[in-house]
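I opened a new notebook page for this structure. My plan is to look things up one at a time and write down what I find.

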Amino acid sequence: MAKIQKKGKKGAAANFVTRNQALKKLQISLADFRRLCILKGIYPREPRNKKKANKGSTAPVTFYYHKDIQYLLHEPVLHKFREYKAFAKKLAKVMAKGQYSTAKSLEEHNKPVYSLDHIVKERYPTFVDAVRDLDDALSMLFLFATMPVTDKISREVVEDCQRLTAEFQIYVMKSRSLRKVFFSIKGIYYQAEIKGQTVTWLVPYQFAQTVPTDVDFRVMLTFLEFYRTLVGFINFRLFSEINLIYPPTLDLIKYEGAAGFNALILEAMHKTAPDAESKFDTEMVEAEKEESPEDVARKAASKERLKTLGNKVAELQGSTDTDRIDEDVQDEAEETALDEFKATAPTVAAVDGDDNMVTLSQIQAASTEIQELQNLFSRSVIFLSRETPRYALEFIIRSFGGQVSWDETVGTGAPFLENDEKITHQVCDRPTQGHRFLNRTYIQPQWVADSINSRKLVISDNYAPGRMLPPHLSPFVEAKEGDYVPSTGLEEEDETFEGETEDINPDDIEEQDDEEVDSADEEDEEEEEEAKAAVAPKKVVKEDHETELQAEAAGVAFTEYAEKKPAKKAPKAAAGKKRTAKEIEEEEAKELASIMMSNKQKKLYTKIKYSQNKKSEEVDPLQAAKLEQKKQNIAKAKTNANKRSKK
Amino acid sequence: MRERRATTGFKVAGIATGKSNGAKSSRKEPIKATNPKQTVTKSKKRAAPAQEEVEDDLEDFGNVEIDINSDEEDEEIDENDAEESDNEVEEFPEDQSEGEDVAADENEDEDEEEEEDDDYMAGDSLDEEDWNEEVKISNDSQRPTKLPEIEADYDSDSSTEDVENTVGNVPMEWYDDFPHIGYDIDGKRVLRPAKGDELEKFLSTMDDPDSWRSVAVDKEGKDMVLNDEELDIIRRIQGGDIPDADYNPYEPTVEWFSSKKEVMPLSAAPEPKRRFIPSKWEAKKVMKIVRAIRTGRIVPRKPATEKPRFYNLWGDEDEPREDHIMHIPAPKMKLPEHDESYNPPEEYLPSEQEIQAWKDLDPEDRPKNYLPTKYNSLRQVPAYGRFIQERFERCLDLYLAPRVRKNRLNIDPDSLIPKLPSPKDLQPFPTQQSISYEGHTGRIRCFSLDPIGLYMISGSDDQTVRLWEIATGRCLNTWTFDGVIQSIAWNPNRDLCMFAVSVGHGNVTLITPPRIGSPEQISLTDEYIQQGYAAMSTAASDDKEARNPIPWIKPNVSDQEKLGYRVHLSHTQAVKQITWHRKGDYFATVAPDAKNLAVLIHQITKYQTQAPFRKLKGLVQRVMFHPTKPLFFVATQLYVRVYNLMKQELIKTLQSGVKWISSLDVHPGGDNVIVGSYDKRLCWFDLDLSARPYKTLRYHSQAIRQVTFHRRYPLFASASDDGSIQIFHGMVYNDLLQNPLIVPVKILRGHSVVNSLGVLDIEFHPTQPWIVSSGADHSLRLWT
């Protein structure tokens, strides 16, 4: 006979402990426990069966995994907490006696200090694990970097956050790993790809944060404590991977002059051999360091450091002088690399066969796509007007290889002035400009983000100052089948590309407008029908649109096209009717077959169906809104057309 | 800090001091508590010179005190000390001449001990400044206060007595031959006082009134007068009393040491010596540290080595560790959607009502924590007010929200639907309604088709029975009764033309419908009936009338001819079901309320009625004859029992698992039974397989009223109160190993539900794949 299992020795009863039990076992206060949980990343669990986990009671309690708590028993930080408690008692005693010198020496020499290094390593055994979990940490650090110093938030914390975020941004810029940018109402979302992991973080707009009263900053600061350690270690690793010395030194003059992350002086590691890979980095560093000799004269504090730097610069300045040349060289190098790849690809494919050719070309396409994105702004020299968010835009543009400068009033260290000839774009956010340079394009900040998200430089006309901007869409939304896809400015752009003469002559468009409006009306109605009939009508619409465009390109009159279309549609509609009959049949068959399902299967089936229905319901209202919107647009266009005809 | 009086000793610090001075002072001072350390060390030294090392430590420590008498000691120590460097001397104050300083010094030492103790434990070491500071503090706090001298008397008179003769306790007769009797304190002889002769003695006794109380004292050599107290003592001793007058032998006892716990202990034990000696081991420890500091092994107040705050935490050889099986990583932040944009597409902007609805919701209930807003340019975007709160909420979620792993089923729901043969391949089966038989005005509870499939009779709540021609829907005949038609059944024998109808409260009538049957049929039916009459009359003559539980009544002639009535059987309770044996001679009736007469089997040819069950378990719902064997199925509420009528025994009990059986039918093959129930279930029993259902299906939304098999085609059907008829393909194979195939093929909808009653009865056509149904909506329909 099998051994009789005792109650509470196995399963949920043994796996979970309530919070109070945990506190009793660890012999610490709730506050300490919470801190420990935050630092160690321990979280409550929801057992499958609460009753089994809590000795038959169903009272609402928090459960922790039993082993989590047991691991906590040996936590060095826990011991430090205890030591600190004892220390606090000693200190209080001494202070009460008025022995201030003793208190001072106690404070200086006996204060227990704990480090979180081992926790970082324990929670993230590999570097990639740490990068994967960087989202929250970065968002938190970027928030605290903009926080005002209060009695709860100390100056050191804020400065540390500022520094860590600046370092991280430098890495992103240097490695050009930024991928997506989104201006939301909450702040700016960035997404970077680091070590194959996508890291997304949110940065608030540059405003003074109002410190709310309903937030427990102890919790936030405990999180921040861990995140600072984590990001520090990650920064160290990231810097060493691009052959930079960590930590970079801070140029105080620049720092005070609001240079942002330019205030950090980067140094390349000595030991790196000047091989092809590191060349890129050293060059980048060099570009960074070129202003440094001037600083030597200015500040005595950072004199020694900079002296050595000067030497290094002298060493490095063997081959090139300006940024321009650097970049040209770099571009050439990239191009040659690409060429080689192209040259080798077909030969390999020829040997291996057809299957491999596809994969190779795919890989090639992907890599070139990434490379193109990384060098999106490499040929643009962008000047930021003073009303634009300088730090954000500078970070974004430089992450994609662009050269940026800004107004001196916004911060020191601008590489070139506003009247520089080489400037190709000027980002401004005012409807009117005082003086306009003719040889550059004036754009609004959204152009930068939209260009990045669409992975090409979008037509800048839509983004001219004072113009109504096309909608700024989230690059993070991946439209699934049946989802509503809003129209972007890009579609219209394609049209404008094809017929640029039309774009220049707005009257021409308006002449055509009447026709188009009518046809559009019909289209819309059709679309509506389709929307009702089928679940995924969007594809059909797209196809229609494409065929329309093709017809237009072929020179077929729109009316002709419209005549053709219903002919095409008619069989479709008939098919639709048939299909409905068939569908009914199918449905009936399903209903009949569902009779033979077991109870379990039936329950599962109804559950899945229910959730599917719910999802489709969620999508629907937007669909309706979209249609409504379209109708409104059409109505507007019609009234406009009427006005014109009256004229 | 402990109070200590240490005036006898002085520091040994390399310089010899005046011994005589010290000695004198020590003599004169009343010694309460000398520092006992000196004696300890002294004795040790003398005993074991090998222990000089220990001494070394102690002298280093500097508070070794030495008795003045031990000259050699001093020298030894001096020598030892001389070995040490002279500089050290400065560390220790040398002023020994004044007691106060020494005391202070000692205090300082002790302070230092404590200080060192603390510091050592904390991993630190001494500092000279600290040292001096401490000394100062101790000087201030340890200012000696004058205390009254303590008399060291122990209540003994002898010590205070002024003794002249110092010979001690020796026999005085030793001095008998000498002129003196001893020596005084200065060593001079004490002369024996002159002694008078006996006369003088006598005279003196006469003169002296105290002579009677005088006693000669040898040591003094003269008489001593006893005082009153002494006399009293003598008297008491003589009287055998306790000499002390004050002593009360009967004083009440005071329980000093009781079980009661006192707050303040009442121990008068003197302070032990160790309280007044500095700990030797502590001193050793401290000296160890001091020496370590001197040699440089310990560097006091050493600044901690600056470790870089960040370093390469992750080595290159780090192997990815698999997450613990119970680890649930926190979900990532939700990525923003289009409507969070500062410039969203117009269609994402909420209308006024939506904004109002959003505002009216509680913040926790809002599906999104922001309202989509459009700004014309980035410059106009304000700071987001709830940024910190949202980050805080995220923090709370990360460490307070219980995590649970939810297995999201990624199953295509259609894959759950079993793959069944297409109904098209299983044709024929009824698919649509073709004829509706109009005429009844009440709900049609029952109907029956004749064995050939030409005619149909139906009984309704409007108290009529109608005869229909199936193919045309024409009503051929109508019988009117004075009660609700409960059940109706056509005789299955093709050679007969007869049906049985149960009316109202237990009247069962056998009817041969006029103008329908062929002459052969009519004659055979007549023959059957006549046989019965004959049998009955013989039975009556045999005086066995009591054999029939219910009477068989012959209808009157007019009814016989006009309406075709043949026999009346009057049951005691309402007969709910009539079912025929396949040969058409027997039929069974069910009257559930009739207790042991609930099931009766009637034989027409003998006009005989039997109650096969003496006692019935449960409420009988339905009965059924086996199509080929002499078996009889009885369905009670929960079970179906199968009896062998020949052997008169129970063969099998089918456990349906349903709550209330409503209907029952046996497959024409005889090995399968279907049971319908009021709790919406249909059970298929395979009699060869098990007593439990082979399959239980639940698909009707209301109670099942009737189930039936087709006699020829592999079809069966169920009718329910939800107004639908479900047709199944139910193929039974001859191979015993192959399970029956059940495929739902059609749902027939058409009957409307009246008073929550839908389809009341169904029956398949005997030859065609048709089905007839009757409903509570007064309709009778043929589905083909």
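My entries follow, from whole chains down to single residues.

**Chains.** I am working with a predicted model. I began with chain A, where I found 26 helices and 11 strands. Of its 647 residues, 28% count as buried. I then looked at contacts in chain A between residues at least 6 apart in sequence: 60% of them join residues at least 24 apart.

Chain B has 16 helices and 33 strands. Buried residues make up 31% of its 784 residues. For contacts in chain B with a separation of 6 or more, residues 24 or more positions apart account for 52%.

**Where the chains touch.** I looked up the contact between the two chains. It brings together 59 residues of chain B and 74 residues of chain A. On the chain B side, helix H13 (387-400), helix H14 (413-416) and strand S30 (741-749) each supply at least two residues. H13(B) gives the most, with 10 residues. By class, I noted 39 nonpolar, seven polar and 13 charged residues on that side of chain B.

Residues 697-728 of chain B are 0% helix and 59% strand, and their end C-alpha atoms lie 11 Å apart. Residues 759-784 of chain B are 0% helix and 58% strand, with end C-alpha atoms 17 Å apart.

**Helix H12 of chain A.** Does the span of H12(A), residues 217-241, agree with what its residue count leads me to expect, or what else does it show? At 1.5 Å a residue, its 25 residues should span 36 Å; the end C-alpha atoms are 35 Å apart, which agrees. H12(A) is mostly covered, with 18 of its 25 residues buried. Just after this helix, A:Asn243 takes a positive phi of about 60 degrees.

**H10 against H12.** Next I took helix H10 of chain A, residues 134-145. Its axis and that of H12(A) come within 9 Å and cross at roughly 110 degrees. The two helices are therefore roughly perpendicular to each other. From H10(A), the residues in the contact include A:Leu134, A:Leu138 and A:Phe144; from H12(A), they include A:Phe223, A:Tyr227 and A:Arg228. By class, I noted 12 nonpolar, no polar and one charged residues in this contact.

**Helix H11 and Arg176.** Helix H11 of chain A (residues 155-175) has 21 residues and reaches 30 Å from first C-alpha to last, close to the 30 Å expected. I found 15 of its 21 residues buried. A:Arg176 follows H11(A), in the loop between H11 and strand S3 (178-183) of chain A. Its phi is near 50 degrees, a positive value in a residue other than glycine. Is A:Arg176 buried or exposed? A:Arg176 is buried, because 22 other C-beta atoms lie within 10 Å.

**Lys195.** A:Lys195 also has a phi near 50 degrees, positive in a residue other than glycine. I found it in the loop between strands S4 (188-194) and S5 (197-203) of chain A. With 17 C-beta neighbours inside 10 Å, A:Lys195 counts as partly exposed.

**Cis peptide bonds.** Most peptide bonds are trans. The bond from A:Tyr246 to A:Pro247 is cis, with omega near -5 degrees. A:Pro247 sits in the loop between H12 and strand S6 (249-250) of chain A. The bond from B:Gln427 to B:Pro428 is cis, with omega near 10 degrees. B:Pro428 lies in the loop between H14 and strand S5 (433-437) of chain B.

Notes. Residues numbered from 1 in each chain as written. Chains lettered and ligands numbered in written order. Predicted model: local features only at pLDDT ≥ 70, side-chain atom pairs only at ≥ 80, totals over all residues. Helix = DSSP H or I, 4+ residues; strand = E, 2+ residues; numbered from the N terminus. Buried ≥ 20, exposed ≤ 12 C-beta atoms within 10 Å, placed from the backbone. Contact = placed C-beta atoms within 7 Å. Nonpolar A, V, L, I, M, F, W, Y, C, P; charged D, E, K, R; others polar. Expected span 1.5 Å × (residues − 1). Axes fitted to C-alpha atoms, helices over the stretch in contact; angles between N-to-C directions. Parallel < 35°, antiparallel > 145°, perpendicular 65-115°, else oblique.
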